[in-house]
Amino acid sequence: MKCEVVAVGTELLLGQIVDTNSSWIGEQLALAGIDSHFQTKVGDNLDRMIAAFEQALDRSDAVIVCGGLGPTPDDITREAIAAVMGVGLRRDEAVVERIRAMFYRRDRQMPANNLQQADVPVGARVMDVQPGTAPGLICPVRRGRGSGDPANTAAPDAGKVIYAVPGVPWEMQKMVSECVLPDLQARAGERHVIRSRILRTWGHSESGLAELLDPEMRRLDSTGEATIAFLASGMEGLKVRITAKAADDETALSVLSGVEARARAVIGDAVFGADDDTMESVVVDLMQSQGLTLGLAESVTGGLIAARLTDVPGASRVLRGAVVPYDREIKTGVLGAPDVNAVSSEMALAMAEGACRVLGTDVGLATTGAAGPDAHEGAEAGTVWIGLHLDGEGEATRVRFNMARTMVRQLGTITALNLLRTRLLSRGG
């Protein structure tokens, strides 16, 4: 069973609305063990919608169409589906009464244009779940194999189906969960589950990780038990996604555990967490387990490290505070740093030590640099110095990111947290 998603709406193509519906539906299909290989967006144009639905049916067994079921003139999903089915529309009086009742409960008069939401393609079934005024539709489609002509019924593919759900996220999610997925699984017959595990890494490039994992990926290609993919996620690091499809949860999770163990063995400490872990949550846990407190001095990152740490529940047990010394006088006057080059190891070390002293903490972490777009005090744009003071010892690391100012600050933030993480791991309990 293969199912794909077609999101309808010109506003999606114009970038006025971000299509989060398709990603949510894709996730639910995976969890239900339904393969989904394509997602498409199409504007509110009848001919293009018909073409998109036809193409989807040519390569998949089922199509979930999201959007275009409202009461306005550009809501033409019903018409497009009817054209693909080769049928007309009929007004479903039971749906009319549902919609009238909704307006009555809200003590509002129903506009006449809401009646078009009760128009249903002949042969389609209305979903039992209807949280809003737009009914969901289950539309069986008989088409000739390999033909885009819905009227061609020679050698028909009788099992194909279009599900139409509203674009309003909470309405769509309820319909997909309670109607679409159970119907898809019933049609699929033999049930499978698809489970994924995400390893979160920092310190390797995508090509470097691919090279390290190449033997395991070749092995998986031959066995078919799982797949490995890479997801570059900016300040969240580089994710390694392991996906397994099996007959049940126990088997899928067993496969994932084996592949994860082999992947961790070759990637090493560059793996900082899994699934919902973040760099900051891992750092907070390590600090707390070692009974340490943290003070920050952030110049180039401008408080981003503090912001990420304070997103973690319980961070107050670790983080004492932060100084954002963007001006040199604050670095020297508040933190006691010497009057040296602001983008240097000396300044980073002094700021880290100063954070410990001023904030009364066990650990000091500092950043200074040239975020760009211009050079600063002789340092090229994108240069970041990170200072760390722990157990009476300091260390400084320089990194350079040939990127825009925002990315320099974001990547500097996760790099600084990763430096602290690796130092804490080497320190142990």
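These legends go with several close-up views of a predicted model. Local features are described only where pLDDT is at least 70, side-chain atom pairs count only at pLDDT 80 or more, and totals for chains, interfaces and linings use all residues. Residue numbers start from 1 along each chain as its sequence is written, and side-chain values use heavy atoms, with hydrogens and water left out.

**View 1. Helix H2 against helix H6.** Helices here are DSSP runs of H or I with at least four residues, strands are E runs of at least two, and both are numbered from the N terminus. H2 covers residues 20-31 and H6 covers residues 169-188; their axes come within 11 Å and cross at roughly 30°. The axes are lines fitted to C-alpha atoms, for helices over the stretch in contact, and angles run from 0 to 180 degrees between N-to-C directions. That makes H2 and H6 roughly parallel to each other (under 35 degrees is roughly parallel, over 145 roughly antiparallel, 65 to 115 roughly perpendicular, and the rest oblique). On the H2 side, look for Asn-21, Trp-24, Ile-25, Gln-28 and Leu-29; the H6 side brings Pro-169, Met-172, Gln-173, Val-176, Ser-177, Leu-181 and Leu-184. Contact means heavy atoms within 4.5 Å. The H2 and H6 contact has 8 nonpolar, 4 polar and no charged residues (nonpolar is Ala, Val, Leu, Ile, Met, Phe, Trp, Tyr, Cys and Pro; charged is Asp, Glu, Lys and Arg; the others, Gly among them, are polar).

**View 2. Helix H3 against helix H4.** The axes of H3 (residues 46-59) and H4 (residues 77-85) come within 9 Å and cross at roughly 50°, so H3 and H4 count as oblique to each other. Leu-46, Met-49, Ile-50, Phe-53, Glu-54 and Leu-57 of H3 meet Thr-77, Glu-79, Ala-80, Ile-81, Ala-83 and Val-84 of H4. Sorted by class, that H3 and H4 contact comes to 9 nonpolar, 1 polar and 2 charged residues.

**View 3. The largest nonpolar core.** A nonpolar core is a set of buried Ala, Val, Leu, Ile, Met, Phe, Trp, Tyr and Cys residues joined through side-chain atoms within 4.5 Å. Buried means under 20% relative accessible area, exposed over 50%, and partly exposed in between, using a 1.4 Å probe and protein chains only. The largest core has 36 residues, and those with the most contacts inside it include Met-287, Leu-294 and Leu-365. Helix H13 (405-427) is among the elements that each supply at least two residues of this core, and H13 gives the largest share, 8 residues. Beyond its neighbours within four places in sequence, Leu-365 is in contact with residues including Leu-296, Ile-305, Ile-386 and Leu-420. There is also a second, separate core of 31 residues, with Leu-57, Ile-76, Ala-134 and Ala-164 among them.

View 4. Asp-92 is in the loop between strand E4 (89-91) and helix H5 (93-105), and counts as buried at 13% relative accessibility. Leaving out residues up to four places away in sequence, Asp-92 touches Ala-118, Val-120 and Val-126. Asp-107, in the loop between H5 and strand E5 (119-121), has a positive phi of about 55° although it is not a glycine. At 72% relative accessibility, Asp-107 counts as exposed. Asp-275 has a positive phi of about 55° too, but counts as partly exposed at 33% relative accessibility.

**View 5. A cis proline.** The peptide bond from Gly-372 to Pro-373 is cis, with omega near 10°. Pro-373 lies in the loop between E15 and E16. Most peptide bonds are trans.
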